[in-house]
Amino acid sequence: MARRQRLCGLLLALAVAAVLVAAGAQGTCPGAPPRRGARVSVASFGGEGDGRTLNTAAFARAVASVERLRAPGGAELYVPAGVWLTGPFNLTSRMTLFLARGAVIRATQDTPSWPLIEPLPSYGRGRELPGGRYISLIHGSGLQDVVITGENGTIDGQGSMWWDMWKKGTLPYTRPHLLELMSSSDIIVSNVVFQDSPFWNIHPVYCSNVVIRNVTVLAPHDSPNTDGIDPDSSSNVCIEDCYISTGDDSIAIKSGWDEYGIAYGRPSSDITVRRITGSSPFAGFAVGSETSGGVQNVLAEHLNFFGSGYGIHIKTNTGRGGFIRNVTISDVTLDNVRYGLRIAGDVGDHPDDRYNQSALPVVDALTIKNVQGQNIKEAGLIKGINNSAFSRICLSNVKLSSGAPVRPWKCEAVTGGALDVQPSPCTELTSTSGTSFCTNSL
């Protein structure tokens with residue numbers, strides 16, 4: 001039954017992706033995959049796609065060959081059809097990892113052999129536990145010109161063993177991502193299925209010029225912390241035409257954790273998200289809660305979320321510091337969602353007891369417009385922080401309905417404006433000055 005449900009989900013994802021691609025005239029990310037001057041196959045380096053042979057060394061040899069070739073325009077590492085069991089491996093610059101139709105890169109479940117790496121400096125420790133963290137299945141650091149693409153081949157994290165350890169409290173270190181690229185630039189991820197990640201699926205951190213398009217991300221709704229795509233302290237990021245159904249936020253923009261993120265001081269900025277469809281027990285589109293380096297200049301549009309906890313969730317906390325500003329979210333369709341919108345300043349834990357309780361985040365200039373929701377249980381919550389009220393929050397043409405009366409908005413420590421909002425907005429968003437900002441922002 002589970003296999004049949006997963007197959008149905010994948011078929012739905014591919015059908016949705018085709019519709020999204022057809023809608024590309026609404027705008028598209030810049031950049032096309034470069035032509036490579038050479039191609040090598042993992043099968044030529046001792047790899048066996050039989051689902052049993054461990055291919056970690058074969059992938060390492062193949063990537064080393066790509067690096068040595070120094071071909072004009074770089075080289076492609078081709079993964080033929082088959083199931084390629086492997087432990088973690090690193091990519092290199094000027095490289096394309098190409099998954100053929102029917103190719104599956106499958107993570108080994110031999111967790112004791114999984115390498116550890118240092119915590120991210122903007123997090124100060126593993127996100128789940130003190131100390132280091134397990135390296136991602138596919139990893140790269142300090143790279144330039146990296147492409148991961150194909151014919152909708154699959155990267156399978158076999159995350160169930162990791163999820164069980166998390167649920168039982170037996171994890172020794174923070175779980176691995178499926179894909180993490182650090183301090184890298186000129187990245188394209190497209191036409192690949194990410195499935196059953198142990199932790200977050202796609203995590204570009206300290207990166208620039210990132211394009212993620214036509215990607216499908218799948219994990220059960222009860223799989224813990226399997227975020228879809230999490231750009232983190234990264235700039236010039238474009239995410240479009242993706243289907244995401246996981247156990248946590250479909251997309252979450254981040255920038256470091258409390259005092260470590262404040263010290264590292266690298267914001268996430270100039271991020272575009274468009275034509276995303278998905279389902280999650282948490283948020284469809286989120287910012288935070290780790291935003292200590294700041295998040296600014298974000299456009300998210302043409303979003304479609306169903307069967308989710310929150311349609312839109314902007315989240316931070318006392319001790320985070322940083323800022324969330326100049327964020328526009330528009331043209332959103334919601335169905336069977338508990339909260340249409342939540343903007344809150346009391347979300348998320350802390351890395352340790354050394355965070356500065358006086359480090360209050362600034363949340364300013366958020367515009368949410370053209371939102372249509374049906375089967376919505378609660379309109380939403382906008383709750384700022386005492387001594388750091390959220391300011392210039394604009395809601396326009398936001399209409400949330402249900403067969404039963406939708407529970408009303410709840411607001412606290414917030415200023416802004418509301419135009420054509422149903423159910424009726426809270427009084428904090430009906431001031432003359434707030435309405436003026438709202439009119440000007442539109």
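Residues are numbered from 1 along each chain as its sequence is written. In this predicted model, local features need pLDDT of at least 70 and side-chain atom pairs count only at pLDDT 80 or more, while totals for chains, interfaces and linings use all residues; side-chain values use heavy atoms, with hydrogens and water left out.

A search of the whole structure finds three disulfides, a disulfide being a pair of cysteine sulfur atoms within 2.5 Å. With bonded cysteines counted along the chain, their pattern is 1-2, 3-6, 4-5.

| Disulfide | S to S distance | Torsion about S-S |
|---|---|---|
| C29 to C238 | 2.0 Å | about -80° |
| C394 to C438 | 1.9 Å | 65° |
| C411 to C426 | 1.8 Å | -55° |

The bond of C29 and C238 is left-handed. It links distant parts of the chain, 209 residues apart: C29 sits in the loop between α1 (2–22) and β1 (38–41), and C238 in strand β19 (residues 235–245). Helices (H or I, at least four residues) and strands (E, at least two) are DSSP runs, numbered from the N terminus.

The link of C394 and C438 is right-handed. C394 belongs to strand β26 (residues 390–400) and C438 to helix α5 (residues 432–441), so the pair ties together parts 44 residues apart in sequence. Both C394 and C438 are buried, where buried means under 20% relative accessible area, exposed over 50%, and partly exposed in between (1.4 Å probe, protein chains only).
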